[in-house]
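Q: Please show me how to read a predicted protein model, one feature at a time.

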Amino acid sequence: MTLKKVIQKLVIYLILLTWSFIVIFPFYWLFTTSLKQPLNVSRGPKYVPTWDYEPTWEHWEYLFDEQKDTTWRHFRNSLIAATGSMFLSVFIGAMGGYGLSRFQYYWKPLKWRNDNIAFWIISQRFLPPALFVVPFLLLYTKLDLIDTHIGLIIAYTMFNIPFAVWIMRDFFNQLPTEMEDSALVDGATRWGAFTRIVMPLSTPGLVSVAIFSFVFSWNEFLYALMLTNFDAITMPILIAGQNNTRGVQWWFISALTLTAVVPVILMGLFLQRFITRGLVAGALKG
Amino acid sequence: MLRRQSQAEQPERGTREDRIMKRVFLSPTVALLLALSIFPMIWSLGISITDMQRGGSTTQREAAVEGRTAEGAGFLGQSYSITTRNYSQLFKDERLHIAARNTLFYVIVGVAVQYLIGFALAIVLNQEFFGRSFFRTLFLLPMMMTPVAAAYTGRMMFDSRVSPIAHVLRMVSRWLERDKTIVAPWLTDTDWARVTIVLIDSWQWIPFMTLILLAGLQAIPDDIYEAARVDGANALQLFRRITFPLMLPVSATVILIRGLEIFKIIDIIVVTTGGGPGSSTESLTMYIFSVALTFGNYGYAAAISYMLLVLVIIFATVFLALVRLAQTSRVRTAT
């Protein structure tokens, strides 16, 4: 190795370590804060548990013991909304993506073909959600969907669908058609070929759509804030609300925040390749 | 692609079953989007030219005060009358103008910061080194975090008294032997708070930029670089002549996606500053939200949301025009 190469390597690792620190430190801080007594927070930064302060698990105990019902209720709300919307998005998205990949559409009034339709679908994802605040409020009040799981699931499915269709269309475009063609020749129906042959072959695509739909819905803030007020409140709203109701109790908020974040982060770590694949397909094939 | 083009002239093909099935496959998507996206959008436009409010229209309330009843046309139990007041209000509302300026600040500065750092990290991650896939996974972490959680964490990091950053600043000022310790009003001063909000948003979304740009870099074939190196090009020239031009389409895509996403910013601001001090760090989405939910002024909220839509469209159009301009001038200089 030449000197130049060595320096190059050093610079690379320096950048990598700096950025790793920037990425990890907030998570570390979140966790250690959740182990601090209030005094250890307000008396300036303490960094290492057991070394410069005595860690305590009492905030976690409070969260999962005393406040168990509240915590679980909101966690469950998030889980229901995210899972429900995930299944709907995967199913509807796969159908839409399959249609756009295998058939020719032509919509006379605007002379739209598949590409135009696909573009119209993805463009819905980028509309500012603020546009829907008033109509959704009125519509949901009228239909009695305010503060219900169904209401959240419907809203989340609406904003997950464009991305789901987009990813699945790209996926099906790369999937060879021989298998389904031969099944069709053998007398299978289109629907049969889709559900029995195409869907099982598309697991990677379906998984990445599922992750995205789940994570988007899990993290979503605006619709949840607008459409829930008590029964169906999700984790992000619960966390954001800590601000007003309890003053700023960093130790408790940290524990609560970690509860909301850890499941998604773990999922992300284990299924990272699907995320990469989905995002790249979603952004680059546009 | 090929399949699509070869049959472009015959819109209706295939068996009868296929002609029915293709509609079945696409209709759930289209129906859902028509019902929950297009219809609310048109409805919103309608509401924006009315004086609709929570619990009746303004006209009705004024009439009630004067002791008579006004008949507005009823729709979904909401009565209203037509007015253009909302749109004239757009030009007079000081708070709205601040919110619009803030939103543009978040979008432009945020996209710039995220693109530059994201690109730099993508280039680093594209090198050969030990532990590459580990770092790639690690760098993705912030993206998975709930924005509200990222905002709280940011608030803890940027607290001007008890945060590690404040601590470091204190140590630096002690080391410099300054009489006054450096205290940065990260979230309490308007100008600082705007920057802090952008920093938190960037911490969360730089991974997205990095991920996509890295995929773009990996798609550039190695032999282009080899050929240029044989011709004696240095690293900077390689970047300027090959990497950057070839990455232009990918760059345009990520910038556009992030830009459009930042236009929606609300959660980070709600948690960190609550729009304050006063309403000086508010974004448009946040303002629309408080007009609709806190003040209950539906008509005006709808009008502002249309203004936001126009801003978004202008942003996208101008940006795409710039990209096209850059691309054609590249081609011209290359030939």
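**Reading the model**

A: Start with burial: 46% of the 286 residues of chain A count as buried. A residue is buried if 20 or more other C-beta atoms lie within 10 Å of its own, exposed if 12 or fewer, and partly exposed in between, with C-beta atoms placed from the backbone. This is a predicted model: local features need pLDDT of at least 70, side-chain atom pairs count only at pLDDT 80 or more, and totals for chains, interfaces and linings use all residues. Residues are numbered from 1 along each chain as its sequence is written, and chains are lettered from A and ligands numbered from 1 in the order in which they are written.

Q: How many helices and strands does chain A have?

A: Helices (H or I, at least four residues) and strands (E, at least two) are DSSP runs, numbered from the N terminus. Chain A has 14 helices and two strands.

Q: What is the radius of gyration of chain A?

A: The radius is taken over C-alpha atoms, and the globule rule is 2.2 Å times the number of residues to the power 0.38. Chain A has 24 Å, whereas a compact globule of 286 residues would have a value near 19 Å. Along the principal axes, the C-alpha atoms of chain A fill a box of roughly 75 × 70 × 35 Å.

Q: Why is helix α13 of chain B described as largely enclosed?

A: Count its buried residues. Helix α13 (residues 284-294) of chain B is largely enclosed by the rest of the structure because eight of its eleven residues are buried. Among them are L284(B), Y287(B) and F289(B). G296(B) follows α13(B) and has a positive phi, near 70°.

Q: Where does K111(A) lie, and is it buried or exposed?

A: K111(A) lies in the loop between β1 (106-107) and β2 (112-113) of chain A. K111(A) is exposed, with 9 other C-beta atoms within 10 Å. Its phi is positive, about 55°, although K111(A) is not a glycine.
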